[in-house]
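Biologist: I am new to this structure. Please walk me through how to read it.
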Amino acid sequence: MAYLAAITLLTMTPGVDTLLVMRNTGRGGLRDGCVTSVGISSGLFAHATLSALGISLLLVETVWAFSALKWAGACYLVWLGIGSLRQALRRGGEPSVQAVTVARRSVPLMTSFREGLLSNVLNPKTALFYMALLPQFVDPAGNAFQQSLMLAGVHFLLAMLWQCGLAWMVVSFRSLGVNARLKRVLSGLTGGFFVAMGAKLASI
């Protein structure tokens, strides 16, 4: 129960992953948002593996390795932010239903998956969280690797439920009718947040 409470708070706290799912859902619909969530949630297994093997601890204790991970994550966030800002600055009328359908299909699923995966794997805060959290719930007498993957599996299911629910809400909101100006404003806010988070991460 303590583990569930901890990962529930981590999952539901608004952050980069939440905004990425919402942005991609607005970009390509429910499927885009859910595939992005699969990528984000899959990254949890990478963090669980690193934690079980002790690599996360090594990253923290090795300054250059942790700095490299931090800068990679910061650059990726800034890159995502610039993409959203470009969408916000793009002008044009409200697209037709046919144009929206084509735009949604133009986003490869692998792109959405990759964006979600990199967003999670390159986040040093997630690595630190797993390094500090998972050992508290691993039985030293058992197989640490298997237990870590099992705990990550529970987190995977919870994250998928929450993020796909968010994607569904975004789609429902869009069905009510959102004009192009509001979409550009939301893209601008999202892009500004990504760039600010990347800059903050780089300055830590």
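Biologist: Are Arg23 and Glu115 buried or exposed?

Modeller: Start with the term: buried means under 20% relative accessible area, exposed means over 50%, and partly exposed lies in between (1.4 Å probe, protein chains only). Here, both Arg23 and Glu115 are buried. A word on the source: this is a predicted model, where local features need pLDDT of at least 70, side-chain atom pairs count only at pLDDT 80 or more, and totals for chains, interfaces and linings use all residues. Residues are numbered from 1 along each chain as its sequence is written, and side-chain values use heavy atoms, with hydrogens and water left out.

Biologist: How many helices and strands are in the protein chain?

Modeller: Both are DSSP runs, numbered from the N terminus: helices are H or I with at least four residues, strands are E with at least two. The protein chain has 10 helices and 0 strands. Along the sequence, the pattern reads α-α-α-α-α-α-α-α-α-α.

Biologist: What share of the protein chain's residues is buried?

Modeller: Of the 204 residues, 40% are buried. Now the surface. Accessible areas come from the Shrake-Rupley method with a 1.4 Å probe; for residues, only the protein chains shown count as cover. The protein chain exposes about 11,100 Å², and carbon and sulfur atoms supply 72% of that area.

Biologist: How many salt bridges does a search of the whole structure find?

Modeller: The rule is a side-chain nitrogen of Lys or Arg within 4 Å of a carboxyl oxygen of Asp or Glu. The search finds 3 salt bridges. Arg23 pairs with Glu115, with the closest N and O atoms 3.4 Å apart. That pair links distant parts of the chain: Arg23 is in helix 2 (residues 16–28) and Glu115 in helix 7 (residues 109–121), 92 residues apart.

Biologist: Which side chain meets Arg27 in a salt bridge at 3.0 Å, N to O?

Modeller: That of Asp32. Asp32 is buried, with a relative accessible area of 3%. Arg27 also forms a salt bridge with Glu115, where the closest N and O atoms are 3.3 Å apart. Arg27 lies in helix 2 and Glu115 in helix 7, so this pair ties together parts 88 residues apart in sequence. Through shared partners, the salt bridges join Arg23, Arg27, Asp32 and Glu115 into one network.

Biologist: Where does Val107 lie?

Modeller: In the loop between helix 6 (97–105) and helix 7. Val107 counts as buried, at 14% relative accessibility. Contact means heavy atoms within 4.5 Å. Leaving aside neighbours within four places in sequence, Val107 is in contact with Arg27, Asp32 and Ser112. Val107 and Gly29 are 78 residues apart along the chain, and their C-alpha atoms are separated by 10.0 Å.

Biologist: Which residues make up the largest nonpolar core?

Modeller: A nonpolar core is a set of buried Ala, Val, Leu, Ile, Met, Phe, Trp, Tyr and Cys residues joined through side-chain atoms within 4.5 Å. The largest has 11 residues: Tyr3, Ile7, Leu44, Ala48, Tyr130, Leu133, Leu134, Val138, Leu151, Ala152 and Ala159. Helix 1 (2–12), helix 3, helix 8 (124–133) and helix 9 each give two or more residues to this core. Helix 9 supplies the largest share, 3 residues. Apart from this core lies another, of 6 residues, including Leu20, Ile40, Tyr76 and Leu80.

Biologist: What does Gln163 touch, not counting residues up to four places away in sequence?

Modeller: Gln163 touches Asp17, Val21, Ser37, Ile40 and Ser41. Its place is in helix 9. Gln163 is buried, with a relative accessible area of 5%.

Biologist: How many aromatic pairs does the structure hold?

Modeller: A pair of aromatic rings is described by the distance of the centres and the angle of the planes. Rings of Phe, Tyr and Trp (its six-membered ring) pair if their centres lie within 6.5 Å; planes under 30 degrees apart count as stacked, over 60 as edge-to-face and the rest as tilted. The structure holds 1 such pair. Phe45 and Phe156 are tilted, 5.6 Å centre to centre, with 40° between the planes. Phe45 lies in helix 3 (residues 30–53) and Phe156 in helix 9 (residues 144–175), so the pair ties together parts 111 residues apart in sequence.
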